[in-house]
Structure formats: C-alpha cells, structure tokens
Amino acid sequence: MADQANPFESLQEQVDDAAASIDADAGVLTRLKNPERILETNLTFELDDGSLETVRAYRSQFNGDRGPYKGGIRYHPGVTRDEVKALSGWMAYKCAVVDIPYGGGKGGIAIDPDDYSETELERLTRAFATELRPLIGEDRDIPAPDVNTGQREMNWIKDTYETLENTTAPGVITGKAIDSGGSEGRVEATGRSTALAARETFDWLGREIEGATVAVQGYGNAGSVAAALLDDLGADIVAVSDSSGGVHDPDGFDPRAVKAHKIETGSVTEYDDAAAVTNDELLTLDVDLLVPAALENAIDADLADAVEADVIVEAANGPLTPGADDVLADRGVHVVPDIFANAGGVTVSYFEWVQNRQRFHWTESRVNEELERVITGAFEDIVDAYESHDLRNLRIAAYVVAIERIIDAYDQAGNWP
Ligand SMILES: NC(=O)C1=CN([C@@H]2O[C@H](COP(=O)(O)OP(=O)(O)OC[C@H]3O[C@@H](n4cnc5c(N)ncnc54)[C@H](OP(=O)(O)O)[C@@H]3O)[C@@H](O)[C@H]2O)C=CC1
Ligand SMILES: O=C(O)CCC(=O)C(=O)O
C-alpha cells in the first residue's frame with residue numbers, strides 16, 4: 001500500500017518545483033499555492049426512515065485569475081478539506097495548461113454513496129446545491145462531475161440552482177445529461193484525453209502505441225473509457241482493477257466486455273477467469289504503459305522503485321506522490337501529468353458551457369475534433385517548455401506553462417491605486 005501523503009502538501013511541492021525553474025516572485029508564489037476561499041459546511045438531510053443525518057461538505061475556490069472557478073464534485077469517504085484544496089489547485093493549473101478561460105475549484109462530500117438510497121442522495125445533493133448557490137453561477141464558479149458523481153447529480157444541482165434563482169442557467173454546471181443541456185462527448189472526454197496523451201507521448205518518444213501493453217488502475221469513468229480508446233488505438237489492455245482488486249491476462253482483454261462485466265457484477269474481478277492481481281501488483285506489472293485512474297497517492301516512492309512501466313499517463317488526479325516523481329525521474333520513466341492528461345474532462349465541460357451560452361448543440365465529431373486540437377496543442381507547449389528550460393520531467397514543464405499563464409493574467413489585471 002502506498003503512503004498517504006497530504007495531497008495539498010504535494011500540490012504545494014509541485015508548484016515550488018516548477019516556480020524554481022522560472023524564478024517566480026515570492027509574493028505571487030504564495031498566491032499560487034493557496035486557495036482564495038473555502039466553504040466548509042455541515043449538510044443535514046433526511047434519510048428514508050425519517051431520521052436526520054449530518055455530513056461534511058466542502059467547496060474550494062483556488063484561483064480565479066483566468067476566469068470563473070471550475071472543477072468537479074466528489075462523493076467519497078476520503079474527502080477532506082486538504083484533499084479538496086489540492087484538487088482545486090490542480091484544476092487551476094489544468095485549465096491554464098490547456099488554455100481554457102477558467103480558474104480552479106473543487107468540491108466534495110465525505111460520504112460513501114453506496115450507503116444511501118437514490119432519494120437520500122437526491123436530498124443530500126439538493127442540500128449541497130442550496131449551500132453552494134451564493135458561490136456558484138455561470139460566470140462565477142461552475143461545478144462538474146468527479147469520483148462517484150455524474151449526470152444525475154449534475155441535473156439535480158442545475159435544477160436546484162435554477163429553481164432557487166428563478167431563472168434558466170444551464171451553464172451553472174457541466175457534465176449534465178444531454179437533454180438537460182449536456183454536451184456530446186463529455187462522458188468519454190477524460191478517458192479520451194488520457195488516450196490522446198498516451199498517443200502523443202509514444203509518438204514523441206518514437207514508440208508505437210499499437211501493440212503496447214497497458215495496465216489500468218481504476219475502472220470508473222476515466223479508466224474504463226481510457227482503456228476502450230487505447231484498445232481502439234491498437235494497444236493491448238492486459239490488466240485492469242477497481243477498489244475490489246484486479247485481473248491480469250497477458251493476451252489482453254476486450255475493455256468494453258470488462259466494463260459490461262463490471263456493470264453486471266459490480267467489479268472487474270473474476271472477469272473471464274483471468275488471474276487475480278492486487279492493485280499494488282497491477283501498478284508494478286511489466287507493461288509499456290501504466291494508467292492510474294483511481295485516486296491520489298496510488299504510487300509512493302517505495303512502490304515507484306518497483307514500477308516496471310516505461311510510461312505513466314495519469315488519468316487520476318494526484319496518483320503519484322512527489323517522492324514517487326523523483327524516483328521515476330531518476331529511473332527515466334516518463335510521467336505524463338494529470339493536469340494535462342485528464343484535462344479532456346474539463347475541456348469538454350468548457351465546450352458544454354460554450355454551447356449552453358450559445359444555446360447551440362455541437363455534434364459529437366465537432367466536440368472530439370476540438371478536444372484533439374486542444375490536447376495536441378497543449379502537449380506541444382509542454383514539450384517545448386520541457387526542452388527549452390531543460391526540465392526534470394513533464395510535470396514541471398506543464399506547471400511552468402500553467403504558472404506563466406496565471407501570472408500573466410494576474411499581472412495584466414493591474415493594481416488598485
Ligand atoms: N470524471 C471526470 O470527468 C474526471 C475524473 N478525473 C479523475 O479521475 C479519477 C477517477 O475518477 P472517475 O473515473 O470520474 O471516478 P469513478 O467514480 O467513475 O471511478 C473511480 C474508479 O476508481 C476505483 N477505485 C477507487 N478506489 C480505488 C483503489 N483504492 N484502488 C483501485 N481502484 C480504486 C473505483 O472502484 P469501484 O468501481 O470499485 O468503486 C472506480 O472504478 C479521479 O482521480 C478523478 O478526480 C479527472 C478528470 C475528470
Ligand atoms: O469538468 C470539469 O469541470 C472538471 C472535471 C474535474 O473535476 C477534473 O478535471 O478533475
């Protein structure tokens with residue numbers, strides 16, 4: 001098991017590493033390492049048996065220099081104030097690295113959604129939306145899905161906000177169902193950018209993605225779509241896992257059939273009688289490409305020593321500790337950072353918001369073409385920073401690109417006399 005590094009400290013270390021390469025001003029650096037504001041609230045809601053329950057919820061608005069705060073809402077027992085702060089910071093850097101006009105935000109409720117019925121989750125989500133209402137808005141802060149949330153929760157939040165505000169404001173939230181103002185391609189977008197990031201990286205390294213062996217940790221929205229799209233690119237998905245464990249078959253899986261099995265049984269385990277692996281065994285398999293697509297801190301420095309993959313593409317946010325980054329850089333393993341690799345989700349959220357503002361619906365092929373343009377362009381910017389500043393790894397390069405853009409926006413806003 002990897003250690004439980006504090007994700008907010010990891011974010012601050014990542015920013016420090018990158019800022020050192022560009023000599024950022026100390027005052028601005030403090031701004032770049034801390035959220036502007038955080039809502040921390042107790043939500044009380046009614047259970048189906050009529051009793052009341054109170055749970056902890058957060059929304060962190062990290063930085064709004066480049067536009068409205070933007071980022072998902074997570075339902076997970078591991079949600080803490082520091083985790084949400086870190087996730088909101090990663091959002092600010094993510095939006096800047098792919099150059100979309102947003103700052104960073106993130107929210108979460110510290111619950112296991114499996115403990116509640118759908119009606120209880122609806123009451124809880126509407127209670128959260130009511131608390132969030134003064135903070136969010138189409139031009140203020142725009143939430144979206146993250147771990148254990150999806151279209152259903154986004155539709156509830158939109159409806160609560162619009163009812164309380166007595167208005168129509170589909171752009172207050174993204175990741176909605178299509179008939180409620182969602183975008184084509186949003187469900188697949190995080191996995192799609194992960195697959196595109198892998199393709200671009202292999203190309204840059206002069207390697208073939210076709211025939212590359214791949215292990216994917218986490219088989220939810222990000223992981224299962226990344227696996228399917230990597231398979232479409234000709235890669236072999238040889239191992240997958242979820243919170244119950246994993247399966248490994250050197251001959252490769254059909255990732256869509258694995259997904260169907262997970263929907264039917266609740267887990268990828270026991271798929272097709274394949275060999276069982278633990279999550280740590282999966283992360284250290286001898287594969288060409290490793291895709292962590294679950295939670296933070298999946299790989300720490302100790303586990304990094306045992307990683308055999310040549311390339312890691314981070315679909316999850318924060319799956320590597322800073323200690324793991326150091327070990328992997330020393331060992332010559334290329335890590336494609338979360339703030340770029342999984343940015344497809346927020347990029348298509350941006351397209352959804354644009355469509356909502358235009359009251360115009362794009363085709364799926366238009367969404368996917370625009371997404372590919374953004375991701376390939378961002379990869380060129382990262383490689384350019386990596387090579388021109390002679391940087392230690394692609395993560396520092398991505399932060400350099402993002403920090404320079406945020407500082408430019410901050411400087412251009414000028415000062416109050
Ligand atoms: N959804 C999005 O648009 C975006 C998501 N991300 C990031 O991608 C990551 C995954 O999010 P998403 O796919 O949306 O979430 P989901 O809830 O859809 O899936 C999460 C997956 O991770 C698995 N998991 C949880 N804990 C562990 C563990 N300890 N070991 C192995 N697997 C585990 C879950 O297993 P089980 O199914 O058993 O619960 C599930 O398969 C997160 O870091 C998220 O922040 C990043 C950008 C956008
Ligand atoms: O789609 C969005 O706005 C944000 C998605 C998200 O939470 C993330 O990229 O981590």
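## Annotated sites, ligand shells and core of the predicted model

In an unreviewed UniProt entry, the feature "binding site" is placed at Lys-70, Lys-94 and Ser-349, where UniProt positions follow the numbering used here, feature names are shortened, and annotations may be inferred rather than shown by experiment. These positions are spread over 280 residues of sequence, yet they cluster in space, with a largest C-alpha distance of 12.8 Å. The structure is a predicted model, in which local features need pLDDT of at least 70 and side-chain atom pairs count only at pLDDT 80 or more, whereas totals for chains, interfaces and linings use all residues. Residues are numbered from 1 along each chain as its sequence is written, while chains are lettered from A and ligands numbered from 1 in the order in which they are written.

Two of these annotated residues can be followed into their surroundings. Lys-70 is found in strand β3 and Ser-349 in helix α13, where helices (H or I, at least four residues) and strands (E, at least two) are DSSP runs numbered from the N terminus. Lys-70 is buried, because 30 other C-beta atoms lie within 10 Å, and Ser-349 likewise counts as buried, with 30 C-beta neighbours inside 10 Å. The term buried applies if 20 or more other C-beta atoms lie within 10 Å of a residue's own, exposed if 12 or fewer, and partly exposed in between, with C-beta atoms placed from the backbone. Contacts are counted between residues whose C-beta atoms, placed from the backbone, lie within 7 Å. Not counting residues up to four places away in sequence, Lys-70 touches Ser-349, as well as residues including Met-91, Cys-95, Tyr-102, Ile-142 and Val-346. With neighbours within four places in sequence left aside, Ser-349 is in contact with Lys-70, Ala-144, Thr-174, Gly-175 and Arg-186.

Ser-349 also belongs to the surroundings of ligand 2, which is surrounded by 14 residues, the closest being Gly-72, Ala-144, Gly-345, Val-346 and Ser-349; a residue is near a molecule if its C-beta atom, placed from the backbone, lies within 6 Å of it. Two or more residues of this shell come from each of β3 (69-75), α3 (81-97) and α13 (344-358). The shell around ligand 2 consists of three nonpolar, eight polar and three charged residues, where Ala, Val, Leu, Ile, Met, Phe, Trp, Tyr, Cys and Pro count as nonpolar, Asp, Glu, Lys and Arg as charged, and the others, Gly among them, as polar.

A further "binding site" feature of the unreviewed UniProt entry is placed at Thr-190 and Asn-221. Although spread over 32 residues of sequence, these positions cluster in space, their largest C-alpha distance being 7.7 Å. Thr-190 lies in helix α6 (residues 186-204), and Asn-221 lies in helix α7 (residues 221-232). Thr-190 is buried, because 29 other C-beta atoms lie within 10 Å, and Asn-221 is buried with 24 such atoms within 10 Å. Leaving aside neighbours within four places in sequence, Asn-221 is in contact with Val-187 and Thr-190, while the contacts of Thr-190 include Asn-221, Ala-222, Asn-342 and Gly-345.

The domain assignment of the chain gives domain 1 (35-170) and domain 2 (188-341), with bounds that come from an automatic or database domain assignment. The C-alpha centres of the two domains lie 27 Å apart, and six residues of domain 1 are in contact with five residues of domain 2. On the side of domain 1 that touches domain 2, five residues are nonpolar, none is polar and one is charged.

Both domains give residues to the shell around ligand 1, so this ligand lies between them. Ligand 1 is surrounded by 26 residues, of which the closest are Gly-218, Gly-220, Ser-243, Ala-316 and Gly-345. Helix α7 gives the most to this shell, with three residues, and by class the shell has nine nonpolar, 15 polar and two charged residues.

In soluble globular proteins, nonpolar side chains tend to be buried together. The largest nonpolar core here has 126 residues, and those with the most contacts inside it are Val-97, Val-214, Ala-226 and Leu-289; such a core is a set of buried Ala, Val, Leu, Ile, Met, Phe, Trp, Tyr and Cys residues joined through C-beta atoms within 7 Å. Helix α15 (residues 394-413) gives the most to this core, with 11 residues, and at least three residues are drawn from each of domain 1 (35-170) and domain 2 (188-341).

Key: Contact = placed C-beta atoms within 7 Å.
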